[in-house]
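User: Could you walk me through how to read a few features of this structure?

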Amino acid sequence: MSRTYDVIVLGLGGMGSSAAWHLAERGVRVLGLEKFGPAHNHGSSHGGSRITRQSYFEGAEYVPLLLRAYELYERLERDTGLDVATLCGGLMAGRPDSRTVAGSLESARTWDLPHELLDAREIRRRFPTLNPADDEIGLYEARAGLLRPETTVTAQLRLAERAGAELHFEEPAIRWAQDGDGVRVETAQGTYTAGQLVICPGAWAPRLLADLGVQITIERQIMYWFQPTGGVGPYLPERHPVYIWEDSADIQVYGFPAIDGPDGGAKVAFFRKNGAPCTPETIDRTVYEHEIDAMAAQAGRHLPTLPGKFLRAATCMYSTTDDEHFVIARHPSHADSVTVACGFSGHGFKFVPVVGEILADLALRGATEHPISLFDPRRFAPPPV
Ligand SMILES: Cc1cc2nc3c(=O)[nH]c(=O)nc-3n(C[C@H](O)[C@H](O)[C@H](O)COP(=O)(O)OP(=O)(O)OC[C@H]3O[C@@H](n4cnc5c(N)ncnc54)[C@H](O)[C@@H]3O)c2cc1C
């Protein structure tokens with residue numbers, strides 16, 4: 001049977017735009033289908049900034065993927081001329097035995113990554129905005145920094161189109177199915193067939209990948225922008241790192257330098273904590289006074305001048321698996337023709353360009369050299385009775 005496309009990519013957010021880029025560059029006929037417009041703010045890849053780092057406390061297994069992602073982010077900038085990344089340095093702070101500090105250190109040592117351990121006094125000296133308690137320390141990584149998610153998606157879409165991908169926006173897939181030895185995807189505009197389907201649905205995974213056998217909880221998360229007391233001067237990326245701060249109650253606060261001009265403030269948020277379960281249809285996009293007060297109080301403990309004046313807030317969705325590791329694999333029930341990438345659990349953006357590379361490998365060759373066994377959906381399968 002002749003098919004119009006070699007590969008259909010369903011969802012053109014962070015992961016899907018990357019998959020479309022890598023697939024098109026390998027010379028296959030690619031159709032990308034996206035429910036909203038390019039680089040939109042209804043999913044998980046918006047809000048102006050994302051942290052990137054290599055000393056990864058979530059697991060040393062992620063480090064080889066990060067090293068490759070850094071190379072590909074550089075290529076994205078070079079090939080599009082867009083300003084995607086600012087490596088302003090990053091501080092992972094907390095008590096020495098906190099996961100944030102101890103886990104980052106373990107990854108740094110395992111992979112021999114450049115890093116410094118700073119005690120509280122040294123943190124205060126180097127970064128006067130930061131106020132650690134005397135028993136807190138920080139792992140400082142000069143190559144950590146921030147990524148611009150909307151610009152990243154724009155860059156990947158641009159390279160995908162340049163390499164010949166056909167991208168349809170405002171065209172949601174209504175359903176997909178296996179079709180002989182290939183796949184069929186229906187939208188309101190028509191039915192498309194291809195040999196392979198790559199599904200990158202973000203927060204829409206519970207509906208689009210119901211038969212995957214993975215529990216994914218969609219969580220409402222909030223990003224906050226405050227204008228620091230005394231202005232953004234000390235918060236500019238030339239002198240301010242990104243940071244993740246684990247405090248004694250096991251709450252992580254993370255934030256960014258001021259990248260939005262003199263009146264744009266600096267962004268801060270809770271990592272994972274307080275995420276109310278939701279769906280893309282039911283998420284409450286209103287941010288309430290008590291939430292802003294709680295953020296200001298928590299951030300103010302570590303950065304006393306940050307919560308000067310509240311400027312704005314925005315919501316975003318995490319897609320969290322039970323072990324907070326990703327799902328990247330051939331679909332166990334459609335292993336010949338469907339590849340999936342979902343469940344990025346609030347820490348996927350820094351991997352975006354390498355995930356697309358992996359998805360292209362899986363869709364075209366059924367295998368990849370990248371280490372992805374941690375992301376196998378079958379890890380959640382119930383034990384045989
Ligand atoms: C507040 C917040 C802060 C974060 N901070 C960080 C960070 O600092 N560092 C980090 O590494 N990661 C971070 N993350 C996580 C990271 O942003 C996500 O893991 C990543 O963006 C997920 O990309 P995705 O492609 O899976 O989802 P998305 O980018 O949302 O893409 C999914 C796409 O599928 C489309 N779609 C869905 N259904 C259909 C359909 N039926 N037909 C067609 N298209 C469809 C959607 O419209 C969407 O465009 C953060 C996330 C949030 C929300």
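**Contacts, packing and rings**

Analyst: Gladly! Apart from neighbours within four places in sequence, T100 is in contact (heavy atoms within 4.5 Å) with F57, M92, A93, I244, E246 and Q252. This is a predicted model, where local features need pLDDT of at least 70, side-chain atom pairs count only at pLDDT 80 or more, and totals for chains, interfaces and linings use all residues. Residues are numbered from 1 along each chain as its sequence is written, and side-chain values use heavy atoms, with hydrogens and water left out.

User: Is T100 buried or exposed?

Analyst: Buried means under 20% relative accessible area, exposed over 50%, and partly exposed in between (1.4 Å probe, protein chains only). T100 has 0% relative accessibility, so this residue counts as buried.

User: How should I read an aromatic pair?

Analyst: Two things describe a pair of aromatic rings: the distance of the centres and the angle of the planes. Rings of Phe, Tyr and Trp (its six-membered ring) pair if their centres lie within 6.5 Å; planes under 30 degrees apart are stacked, over 60 edge-to-face, and the rest tilted. The whole structure has 16 aromatic pairs. One of them is Y62 with F351, tilted, at 5.4 Å centre to centre and 55° between the planes. Y62 and F351 are both buried.

User: Why is the pair of F127 and Y140 called tilted?

Analyst: Their ring centres are 5.6 Å apart and their planes stand at 40°, so the pair is tilted. F127 and Y140 are buried too.

User: Which residues form one aromatic cluster?

Analyst: Y56, Y62, F326, F344, F351 and F375 form one cluster.
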